[in-house]
Amino acid sequence: MDSEPNTQAKTYTYSGTANLDTFFGAVKFIGAYRRVSTSAALDLDGSPFAIQQTTGRQKLQQYSGELQITGKAFANAVDFAGGLFYFNESGVDGSVGQTIPTLNPLTNVFNGTIFNDSMGIYGQANWHLTDKLTFTGGLRYSIDDKGLTTRNQTLNRNTLARACQVATSSLLNDCALTRHNQFAGVSYLAGLDYKIDDDVLVYVKTSKGFRSGGQNLRATTEASALPFRPEIALAQEVGLKSELFDRRIRLNLAGYYSTVKDIQRSTLVGFADGTTSTILSNAGKLRVWGLEGELTAELLTGFRIGATAALTRAKYLEYSEVPNRTDLNGDRRDERIEGVPRQTFSLTTTYQRDIGIGALLLRGDYSWTDAFALQPYSSFLGDPQGVTIDPATGRTVAQEIIKATTSPKQGILSGRVSLTVLDGALEIAIFGRNLTNDRSPVTALYVPGINYVSGQLREPRTFGISGTFRFGQ
């Protein structure tokens, strides 16, 4: 290999909680401090040749504090929770990247100093209108102050000449470019639950979610140095939750419809010199709807079977971008949506029995996932007209990219046998994962410009033995 991949991380976390019981409920304060230091060396192409490699480092510290108030009111007709939240983060984040270093003397140096504050105030209440009907309402106001100073440069290793990557910055101040932006938003939840009886509940709810905007630490152009906007999600859901036949069967069903405005998407951009940069921007509007089901049944004493299934449909309603990044017309509504399979289902069986010396548990799991995109790139990337033929396969370059960045349909089978003894204190288990030895890709990275795809395969068939001892049983 051209470099030895490694990752090192040190994290120190300290937290404390103070509680006060009151006549209406409880008051709680949670405070925390965290310090994080990481370093990593990555061989992005995964080949034995020096093609693309990067190293990175982070040193961050974070403070947070939250005041929570919970309780009951109006003769226990209302359950409520509310609070205040504050979070502060500061530190440095940097990386160095090289592409074909034996031929290309340029090194990309990204360096950012961050200083962020996040604040929120929230409240939620359940109002029991009757013994069967409950209204739930919640509201949160969030405000984020985000600051970033970047000093992104390109270094020529032969001449030691440096150049600022963003044209509006200058070598006179070490290419420093400072941004400060504030993002604020309101989130809410409103819903009704109705108990048909003690074991069957139906519900309907609507909600709005807010995801803060931000800045691009690895900005390489004036356009990418602009902040990206907050992401706003609107969702509606109806469902049923039930436990039937003396709670031997549990059946849960749900259907939902969501739209996400200004959805934030990460794009790996390739440049003429072979270098790349990851840029966050707003994609437009996304629509997602789906159905989900869960069934658990105890067929015999100690023998349970469970199943889940989901159907998901996602589509961009709006997605436009400056022409020449990917599509000459700037229309990316047909872009694939990564990480969203159209269908999934799973099946789980367990059998538990006391065999005298302890409790025996047998478990089997099978999960099936439809094909889905590992990266969003559509056919015009790398082969704008879809006509460049790969002589090795007869397919176009675009088809090769789509295939290499798609996880195919797959079914994964796993099993476990465990014995628990000493009144539950000691568990010994034998397990097997991925028994069908499915080596489908689980990640993929397509790098434009150089036109290669690197990926990671699912771990192979694995067998093992584990032991767990619980102290203080």
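1. Let's start with Arg247, which counts as exposed because its relative accessibility is 53%. The labels work like this: buried is under 20% relative accessible area, exposed is over 50%, and partly exposed is in between, using a 1.4 Å probe and protein chains only. Keep in mind that this is a predicted model, where local features need pLDDT of at least 70 and side-chain atom pairs count only at pLDDT 80 or more, while totals for chains, interfaces and linings use all residues. Residues are numbered from 1 along each chain as its sequence is written, and side-chain values use heavy atoms, with hydrogens and water left out.

2. What does Arg247 form a salt bridge with? The partner is Glu243, and the closest N and O atoms are 3.4 Å apart. (A salt bridge here is a side-chain nitrogen of Lys or Arg within 4 Å of a carboxyl oxygen of Asp or Glu.) Glu243 is partly exposed, at 23% relative accessibility. Glu243 also forms a salt bridge with Arg250, with 3.1 Å between the closest N and O atoms; Arg250 is partly exposed at 36%.

3. Now for another pair: Glu298 and Arg304 form a salt bridge, with closest N and O atoms 3.3 Å apart. Glu298 is partly exposed at 23% relative accessibility, and so is Arg304 at 32%. Back with Glu243, shared partners join Asp199, Glu243, Arg247 and Arg250 into one salt-bridge network. The count by this rule comes to 13 salt bridges.

4. Next, have a look at the strands (E, DSSP runs of at least two residues, numbered from the N terminus). Strands pair if DSSP finds at least two bridges between them. E5 (residues 106-128) and E7 (residues 153-156) pair in the antiparallel sense over 4 bridges, with Val109 partnered by Gln153 in E7. E7 also pairs in the antiparallel sense with E8 (residues 162-164), over 3 bridges; here Leu155 has Arg162 as its bridge partner in E8. E7 and E8 form a hairpin with 5 residues between them, and Leu160 in the turn has a positive phi of about 65°.

5. Finally, which residues make up the largest nonpolar core? There are 8: Val260, Ile263, Ala283, Leu286, Val288, Tyr316, Tyr319 and Ile337. Such a core is a set of buried Ala, Val, Leu, Ile, Met, Phe, Trp, Tyr and Cys residues joined through side-chain atoms within 4.5 Å. Leaving aside residues up to four places away in sequence, Tyr316 touches several residues (heavy atoms within 4.5 Å), including Ile263, Arg265, Ala283 and Ile337.
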